[in-house]
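Take a walk through this structure, one chain at a time. Keep the sequence beside the 3D view and follow along.

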Amino acid sequence: MSSRHEVRNHVRHHRRLVHDMTQQELADRVGVTRQTILSIERGQYNPSVGLALRLAGALGVSVEDLFELDREDGHG
Amino acid sequence: MADRAGGGTRPPLTGIIAGALVAVGVLLWMFVSKAFLFVAALGAFGPGILRELGWLRDHDEFQRESAHRAGYHAYLAGGLAAALVVSAAPWPRLGLDSSPEWIRFILVVLWLSWLFSAMLAYWGAQKTAARVLRTFGSFWAVFVLASLVGDFHMPATAQELFLGLLGVLVGIGVVAPFFVLAWTARRWPRSTGLALLGVSLIFVVVFGWNRHTPLSTTYLTMTLLIGPLAVSALGLLRERSSEAEDEGPTDVPSSASRVSG
């Protein structure tokens, strides 16, 4: 296994800059706790596909705008 | 463990009911009959069983994942503790046949592992440490208060008054550091972690091995007293930075974060 995938997320950027929304407001919209939003934004938790879709819907963007996959190959 | 999905920071109804069942069950177990322990068990394990059956849906996916991962950690820690107890020393010396304390020790390791893994995953080290320290401080405060009230009598001389005041000051001196560390854990996690490690070592010296105390009692005491403090200390020492948790619309946005996929 020479490659490693990482997920970068831009939830905080879209929530704050684009929508001027608090974590609690976003949490209420997608039906999770504020702590869950906090952990996603900090990169400590990768949401399920379902929650990623709900987040994207709440922020009015596509899932790809919120999450992107980095690939770090062992060969550089 | 956590806030209700989408419900802000107030304690969830399930948690209040479960906590009340545990408290009532323990009191009935202590003062009425040991058979009432099942009431406490209903509070401790009932919500989790209902969630697994799909009849209670008060947790979001992150809370469920934290709880599931904590279960695996508890399995590892509890299994290791059980294997160590059984294999580390001859059975007659441990008193495995006669003492239920070893079983309690394994159960405490199992339960504390689950609890701390779930809390650290969900809240992070700083919130977990702050809550642990406030809990410890509250317990010490109850003990100190009970002791002061129990020993209280109207001072007849200036010396008795002085000794009484000294007792109050010592009591505050024992309780206050826990609340101070709970406060500093949110601001200076690593320094607080170091201080907590020091407190843990002091506890090891004060409550540590005594040849007159059964080994099982020592293990149980050490796990209950020092385990939570040491785990909180290590969690704080591993904390990278004290990030702002929330929340002002004018805050500068952070750069994109990364998680291993």
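Chain B contains nine helices and one strand. Helices (H or I, at least four residues) and strands (E, at least two) are DSSP runs, numbered from the N terminus. Along the sequence the order in chain B is α-α-α-α-α-α-α-α-α-β. This is a predicted model, in which local features need pLDDT of at least 70 and side-chain atom pairs count only at pLDDT 80 or more, while totals for chains, interfaces and linings use all residues. Residues are numbered from 1 along each chain as its sequence is written, and chains are lettered from A and ligands numbered from 1 in the order in which they are written.

How much of chain B is buried? Of its 261 residues, 23% are buried. A residue is buried if 20 or more other C-beta atoms lie within 10 Å of its own, exposed if 12 or fewer, and partly exposed in between; C-beta atoms are placed from the backbone. Now look at contacts in chain B between residues at least 6 apart in sequence: 72% of them join residues at least 24 apart. Two residues are in contact if their C-beta atoms, placed from the backbone, lie within 7 Å.

Next come the helix pairs. Two packed helices are described by the angle between their axes and the distance between the axes. Axes are lines fitted to C-alpha atoms, for helices over the stretch in contact, and angles run from 0 to 180 degrees between N-to-C directions. Find helix H8 (residues 189-207) and helix H9 (residues 215-238) of chain B, which pack at about 160° with axes 7 Å apart. H8(B) is therefore roughly antiparallel to H9(B), as the angle is over 145 degrees. Residues in this contact include Leu196(B) and Phe203(B) of H8(B), and Leu225(B) and Leu229(B) of H9(B).

H9(B) also packs against H5(B), at an angle of about 10° and with the axes 9 Å apart. These two helices are therefore roughly parallel, a label for angles under 35 degrees. Among the residues that meet are Phe105(B) and Leu112(B) in H5(B), and Leu220(B) and Val231(B) in H9(B).

Which element gives the most to the largest nonpolar core? First, the core itself: it has 35 residues, and Phe105(B), Leu133(B) and Ala185(B) are among those with the most contacts inside it. A nonpolar core is a set of buried Ala, Val, Leu, Ile, Met, Phe, Trp, Tyr and Cys residues joined through C-beta atoms within 7 Å. Elements giving two or more residues include H3, H6 and H7 of chain B. H5(B) gives the most, with 12 residues. Leu133(B) touches Phe178(B), Leu181(B), Ala182(B) and Ala185(B), leaving aside residues up to four places away in sequence.

For contrast, find Val170(B) in helix H7 of chain B. Val170(B) is exposed, with 12 other C-beta atoms within 10 Å. Val144(B) lies 26 residues from Val170(B) in sequence and 9.1 Å from it in space, C-alpha to C-alpha.

Turn to chain A. It has five helices and two strands, in the order β-α-α-α-α-α-β. Of its 76 residues, 38% count as buried. In helix H1 (residues 11-18), the buried residues are Val11(A), Arg12(A), His14(A), Arg15(A) and Arg16(A). Just after H1(A), Asp20(A) has a positive phi of about 50°.

How values were computed
Parallel < 35°, antiparallel > 145°, perpendicular 65-115°, else oblique.
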